[in-house]
Amino acid sequence: MRIKKITCLGIFAVGLFLTSSILTAKPRTPEMLSNTCAGCHGTNGASAAGPMPIIGGMSKRYLSQTLKDYKSGKRPSTIMGRIARGYSDLELEAIASFMASQPWVKAKVKTNGKMVKEGAKLHAKQCETCHENNGANTGELPKLSGQYPDYLFGQLRLFHEIGGSLPQPTQMRKRIQKLSAEELDALSHFYASQK
Amino acid sequence: MKKLDRRDFLKTAGGAIALGGLGFPFILQAGKTKARVVVIGAGYGGAIAAKYIRMADPDIEVTLIEKDKRYVSCPLSNEVLSGERDVKSLTFGFSGLTGHGIKVVNDLVTEIDPVKKIIKTKSGQNFSFDKAVVSPGVAFKWNEIKGYDEAASKILPHAWKAGEQTVLLRKQLLSMKDGGKVYILAPPNPFRCPPGPYERAAQIALYLKHHKPKSKVIILDAKDKFSKAKLFKQGWQQHYGDMIEWVAGAAGGIVESVNPKARTMQGQVEEYKGDVINVIPAQKAGAIAFATGLTNEKGWCPVNQETFESTIHKDIYVIGDSCIAGSMPKSGYAANSQGKVCAANIIAAVNGGEVPEPSYVNTCYSIIAPKHGISVAKVYKLKEGKIKGIKGSGGLSPLFASPLTREMEASYAIGWFKNVTADMFT
């Protein structure tokens with residue numbers, strides 16, 4: 001099974017090679033590039049720590065866009081911008097592909113029942129239009145269900161503090177602005193409680 | 001760009017059976033052991049190399065030899081000094097690694113024969129290997145500061161290998177009187193964890209601020225510069241006022257000798273007397289690296305920086321603090337990253353693949369106060385045979401940042417610790 005996966009990555013790496021051969025003699029494989037993420041994001045992106053998001057099994061398009069937004073500074077970060085600037089856009093896409101192909105390992109956390117209830121109401125009213133299926137849909141959007149509440153709350157707080165200059169859609173930014181810290185925390189607990 | 005798929009693999013394996021009589025190396029047949037790898041040291045480098053070899057190729061037999069029954073992490077051990085955590089939270093067993101099919105042996109390696117390819121241990125066991133990975137961490141240069149040897153470290157702890165030494169330093173801080181002077185002797189370059197002594201000053205000050213506010217922390221430095229200096233000085237001032245003082249080497253920070261019983265230190269300019277003295281000695285590669293002749297005249301291990309194979313002994317790889325890894329610092333994250341590059345190379349070598357183009361990262365957090373974290377990071381690549389930082393990547397936390405940014409970085413420091421140790425031990 002492992003060998004099969006390596007083959008898939010090999011094919012991808014060949015594609016990467018054809019498009020980036022002008023820049024470097026030999027491309028770095030998606031696995032080689034992505035293994036450097038595990039120090040902070042867990043083996044194959046299955047984070048074991050609340051502040052860091054689970055990225056293994058996340059939407060490829062979302063990961064790829066987010067990494068590029070970190071690189072350009074469009075999405076604010078403490079450290080991800082500094083890291084993303086070490087890779088070409090093609091390499092960031094390779095990392096996104098590798099992580100997207102990993103299994104999603106749901107966060108093992110206890111959620112607060114009262115907050116989950118409160119969060120469910122907020123979600124239905126504010127978020128479900130885009131983050132469908134209680135945040136479980138992952139086509140082009142980040143998977144929110146089963147994500148760490150610490151991470152979600154941290155990002156929502158940051159978005160709330162920064163407000164204007166974010167790559168997120170205008171409607172989302174406006175809605176986050178109107179919610180209190182308690183409400184954002186409740187939303188985070190709700191998503192963490194979902195499958 | 002050649003990767004082995006199943007068909008190629010079976011072809012190669014079949015060929016190997018046919019060529020077996022001609023002494024074709026390693027590869028016997030699919031599903032059987034292709035090669036024996038012995039990893040020495042189950043720390044930030046060794047545990048990762050062992051696990052990532054097994055994850056990618058379960059037909060490689062991996063034996064991990066570690067002298068201690070459990071591993072105690074150096075990263076975050078400064079938090080034991082402030083009382084924010086205990087040593088237990090830094091301690092890990094090896095059952096996760098056993099779960100990957102790694103044979104974990106609790107023993108001390110006393111000899112590596114690079115010609116016969118045999119590793120010998122203190123208890124008399126022998127292990128033959130096709131490839132060996134040496135990840136022993138650092139050893140101390142005793143008596144470089146006159147009077148500071150292993151015996152002296154029982155009185156003036158170094159606490160630069162976590163465990164008993166960390167607890168000893170914590171106990172001395174607990175029994176010190178208010179108004180006491182804590183000295184930290186910071187070592188010359190290169191050494192394990194460049195920001196460590198300065199984070200330590202902050203963590204000790206965190207304890208003193210709440211329990212012994214008249215006390216002082218004085219860093220006597222062998223150097224004139226240090227890692228993340230502006231960020232540390234800003235953070236020290238913000239949280240601890242004038243409690244922390246840093247003395248540069250040129251300003252009298254170089255200590256020539258210590259008297260452990262009198263708790264005095266003779267500097268180049270003046271004599272110092274402390275209540276608690278933490279001597280972080282100058283460092284060199286781990287003992288087994290010296291015993292095997294893997295070191296150069298400076299006491300560190302030269303390696304091919306693309307593969308981490310020793311440039312002195314073939315088929316022996318050196319990773320982590322002991323090796324010379326271009327521009328990478330001696331940090332836990334660097335060792336993790338090197339372990340993965342080394343693993344990919346061993347897998348390629350065993351399977352007859354090409355040397356993969358390496359990618360390396362370092363990220364290093366320091367916690368100045370419970371909600372005040374700072375970091376330095378870099379992405380690296382191989383350039384003309386040397387590991388070099390990629391221009392434009394990495395760098396320090398901004399000097400002026402919101403409290404929320406500092407708080408997030410502190411939470412990432414702890415998140416990093418959880419994930420990097422899960423990467424090693426689960």
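I began with helix α2(B), which lies across β1 (35–40), β2 and β9 (131–134) of chain B. Its direction runs at about 165 degrees to β2(B). I then looked up α9(B), which packs on the sheet and touches β1, β2, β9 and β20 of chain B. The direction of α9(B) makes about 175 degrees with that of β9(B). I note here that the model is a predicted one.

**Entry: the five-stranded sheet**

I traced the strand order as β5-β2-β1-β9-β20 in chain B, an open sheet with parallel pairing. The edge strands are β5 (103–106) and β20 (316–318) of chain B, each of which pairs on one side only. I recorded an average twist of 20 degrees from one strand to the next. Strand β2 (residues 60–66) of chain B is joined to β5(B) by four bridges in the parallel sense. Within that pairing, I found B:E66 opposite B:N106 of β5(B).

**Entry: burial of α2(B)**

How many residues of helix α2 of chain B are buried? I counted eleven of the eleven, over residues 46–56, so the helix is largely enclosed by the rest of the structure. The buried residues include B:K51 and B:R54, and B:G46, B:I48 and B:Y52 are also among them.

**Entry: B:S337**

I placed B:S337 in helix α9 (residues 332–351) of chain B. Is B:S337 buried or exposed? Its relative accessibility is 1%, and the cut-off for buried is under 20%, so B:S337 counts as buried. Leaving aside neighbours within four places in sequence, I listed its contacts as A:T36, B:M328, B:S359, B:Y360 and B:V361. I also checked B:G320, 17 residues from B:S337 along the chain, and found the two C-alpha atoms separated by 8.9 Å.

**Entry: the four-stranded sheet**

I read this open sheet of chain B as β13-β12-β11-β17, with parallel pairing. Its edge strands are β13 (244–247) and β17 (276–279) of chain B, each pairing on one side only. The twist averages 15 degrees from one strand to the next. Strand β12 (residues 216–221) of chain B runs parallel to β13(B) and is joined to it by four bridges. I identified B:E245 in β13(B) as the bridge partner of B:I218.

**Entry: nonpolar cores**

I found 124 residues in the largest nonpolar core. Those touching the most other members are B:I112, B:I119, B:V133, B:F308 and B:W416. For B:W416, not counting residues up to four places away in sequence, I noted A:G39, A:C40 and A:M52 in chain A, together with B:Y44, B:P75, B:Y333 and B:Y365 in chain B. Another core, of 33 residues, lies apart from the largest one and has B:F232, B:Y240, B:I244 and B:I374 among its members.

I counted eleven helices and zero strands in chain A. Of its 195 residues, 53% count as buried. Among contacts in chain A between residues at least 6 apart in sequence, 71% join residues at least 24 apart.

The contact between the chains takes 40 residues from chain A and 55 residues from chain B. Together the chains bury about 3900 Å², 61% of it on carbon and sulfur atoms. On the chain A side, A:K26, A:M32 and A:R82 lose the most area to chain B, together 18% of what that side buries.

Which residue forms a salt bridge with A:R82? I found B:E409, with the closest N and O atoms 3.4 Å apart. The count between chain A and chain B is two salt bridges.

Conventions
Residues numbered from 1 in each chain as written. Chains lettered and ligands numbered in written order. Predicted model: local features only at pLDDT ≥ 70, side-chain atom pairs only at ≥ 80, totals over all residues. Heavy atoms only, no water. Core = buried A, V, L, I, M, F, W, Y, C linked by side-chain atoms within 4.5 Å. Buried < 20%, exposed > 50% of the residue type's maximum accessible area, 1.4 Å probe, protein only. Contact = heavy atoms within 4.5 Å. Pairing = 2+ DSSP bridges. Helix = DSSP H or I, 4+ residues; strand = E, 2+ residues; numbered from the N terminus. Axes fitted to C-alpha atoms, helices over the stretch in contact; angles between N-to-C directions. Buried area = accessible area lost by both parts, 1.4 Å probe. Salt bridge = Lys/Arg side-chain N within 4 Å of Asp/Glu carboxyl O.
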